[in-house]
Amino acid sequence: MTPAPRDRPWLFRTYAGHSTAAASNSLYRGNLAKGQTGLSVAFDLPTQTGYDSDHELARGEVGKVGVPIAHLGDMRTLFADIPLEEMNTSMTINATAPWLLALYIAVAEEQGAEVAKLQGTVQNDIIKEYLSRGTYICPPKPSLRMITDVAAYTREHLPKWNPMNVCSYHLQEAGATPEQELAFALATATAVLDDLRGKVAAEHFPEMVGRISFFVNAGIRFVAEMCKMRAFVDLWDEICRTRYGVEDERYRRFRYGVQVNSLGLTEQQPENNVYRILLEMLAVTLSKRARARAVQLPAWNEALGLPRPWDQQWSLRMQQILAFETDLLEYDDLFDGNPAVERKVQELKEGARAELGQIDGMGGAVEAIEYMKSRLVESNAARIAGIEAGQTTVVGVNRFTEGEASPLTSGDDSTMVADPAAEADQIARLDAWRSARDEARVQRALAALRRAAAEGLNIMPPSIEAARAGVTTGEWGDVVRAAFGQYRAPTGVTRSPSNRTEGLDEIRAAVDAVSARLGRRLRFLVGKPGLDGHSNGAEQIAARARDCGMDISYEGIRLTPAEIVAAARETAPDVIGLSILSGSHMPLVEDLVERLRSAQLGDIPLVVGGIIPKEDAERLRAIGVSRVYTPKDFELNRIMFDIVELVGPPPVAAE
């Protein structure tokens, strides 16, 4: 019997970028040599939010969570000796997606590539940035305009490029249920396509529907996650047919890439994360009808710090073993006709349709941002409460916590440390770039960019000319900010307590006792300094403090240390809490401590949370930080008791 032909495997990617363009280029070429078949570029926070590396807000953030790209020279270095015409490149970039795509096109032109042959994706999904990730710049409507400008431009000039990757990945990280992840992502896609309709000819619109791709998350409940992907396939086909009249089934195909869940990676017993990553990968590969087109896996030790090349290689080998050693790709869909799967898929679709109906009734995703944000905060609170109460088991965290020490985490080099000299090096090269360029050409390009923004012209052609002229990321971002304004997204944390008070009696009594001694409510200021937009932890701390009876102040993300000090002057808090997950905790906290002391506010207790190595935690305590929390500190009530104790010992101790 002739064996069935094997399916082609999905694209193997590793999400990577750090320190400098040169260091990241070396990492990319090494990963490609190991069998990676596509690139997935991580950019640092200044690049993602449209600032140059020497901007005040960029301090401590340069090269931390990705590669800094400030101009054409950086992009040229990033892809040196990597032929872009032959590559499939995914760029996780949103607010500055038009700019990074412009730089990519300019480098491809320099390489002599035929631009029409370029293949890849810009994420270009700003709505989920308002809901979860926080790297937005402008208000929703002009941001939507720039998304569809990119789409319209790629239709004409880059026919193989995906102009948008609707990203539900961060929605799940922010606490979304499967039904919410389905609905919020599909609502985002329809908001974009509704706007795009006015920018492309009717005969080309079905093709553009077919070029919208998705980027999803796969969690540990891998059967439910597999069913979620089958529900995505069905619902997207339904929307394409009924809402947009797309007849060609090729253009109704649900195309997606995936990174499996990073939120569930544990600092405790981190070796367990290898099994979690494998099981989560199965959710998006087992079902042929709903199989991912590209997969990137986190490394087992990402809850501890930056993964080393060996750690990333281990995740790559996991994909290769599944694709090439097993017989998975030799069979038709394994779940067609399975009654349990069909019931779960139907249940998910019904729940997603109900959420979609709610969003449509509000006028669509743009109008429903505040509603969706509040839903995510509530869902995440329920998720965390389940782990705290032991209703949700996390092995090594709230059950089976006793075990042997892991030899994988021993030694000073068990995780990679970003080069501390990289920021100064990047700024020096940025200064040299500005000095060497043709300033008159730069100013002409910026003037054309301003004109396009003001007159409603497509933002891509002047962005590409600006890239060629030597304009910097911060200069492009400044034009966008001036033209469209800046925006502060809703936090999802109201001042009114929720009805989730079960298990809070003891801590509420402690807060009441201290508040009585103070003669007012205990005041807690929560701050997010720097450019880190991962606000989930800050939101949950603020919401729990509110529900415990504290008077909270939380204004959201992207504050300078000076702004946090100003807020402390205004609100006179009893405790200040900072959340920093980008690795920039040392320079930001040092700056804030110095400013607090200069403002005669140095006696206010300061607590800091983030992915903070042990040695950094010791340094933070040495400069006056009262408490340091890392991902292993999942018991929010314990943190609440700590806050109360910093203000005054409560009469009731924690159990």
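In α20, the buried residues are Asn536, Ala538, Glu539, Gln540, Ile541, Ala542, Ala543, Arg544, Ala545, Arg546 and Asp547. That makes 11 of the 12 residues of α20 buried, so the helix is mostly covered, buried here being under 20% relative accessible area. The model is a predicted one.

**Helix α20**
- The helix α20 spans residues 536-547.
- From first C-alpha to last, α20 reaches 16 Å, close to the 16 Å expected at 1.5 Å a residue.

**Ser535**
- Ser535 sits in the loop that runs between β11 (523-527) and α20.
- Relative accessibility is 5% at Ser535, so this residue counts as buried.
- The side chains of Ser535 and Glu539 are joined by a polar contact of 2.5 Å. Glu539 is itself one of the buried residues of α20.
- Leaving out residues up to four places away in sequence, Ser535 touches Ser132, Lys373, Lys528, Tyr554 and Ile557.

**Largest cavity**
- The count of cavities of 30 Å³ or more comes to four.
- The largest cavity has a volume of about 100 Å³.
- Its lining holds 17 residues, and those nearest the centre are Tyr136, Ala489, Pro490, Ser535 and Ile557. Ile557 is also among the residues that Ser535 touches.
- Helix α5 (residues 127-133) gives the largest share of this lining, four residues.
- By class, the lining of the largest cavity has six nonpolar, six polar and five charged residues.

**Second largest cavity**
- The second largest cavity holds about 80 Å³ of space.
- Lining the second largest cavity are Val377, Glu378, Ala381, Ser498, Arg500, Gln540, Ala543, Arg544, Arg546, Asp547 and Leu636.
- α20 supplies the largest share of that lining, five residues.
- α14 (369-388) and α20 each supply at least two residues of the lining.
- Gln540, Ala543, Arg544, Arg546 and Asp547, which line the second largest cavity, are listed among the buried residues of α20.
- The lining of the second largest cavity divides into four nonpolar, two polar and five charged residues.

**Second largest pocket**
- The volume of the second largest pocket is about 1,400 Å³.
- This pocket is lined by 49 residues, with Arg255, Tyr256, Ala292, Arg293 and Ala294 closest to its centre.
- The lining of the second largest pocket has 19 nonpolar, 13 polar and 17 charged residues.

Definitions and conventions. Residues numbered from 1 in each chain as written. Predicted model: local features only at pLDDT ≥ 70, side-chain atom pairs only at ≥ 80, totals over all residues. Heavy atoms only, no water. Buried < 20%, exposed > 50% of the residue type's maximum accessible area, 1.4 Å probe, protein only. Polar contact = N/O pair within 3.5 Å; in protein donor to acceptor, adjacent residues only side chain to side chain. Contact = heavy atoms within 4.5 Å. Expected span 1.5 Å × (residues − 1). 1 Å grid on protein atoms, 1.4 Å probe; cavity = no way out; pocket = protein on both sides within 12 Å on 5 of 7 lines; lining within 4 Å. Points joined across faces, edges and corners; volume = space filled by probe spheres on them. Nonpolar A, V, L, I, M, F, W, Y, C, P; charged D, E, K, R; others polar.
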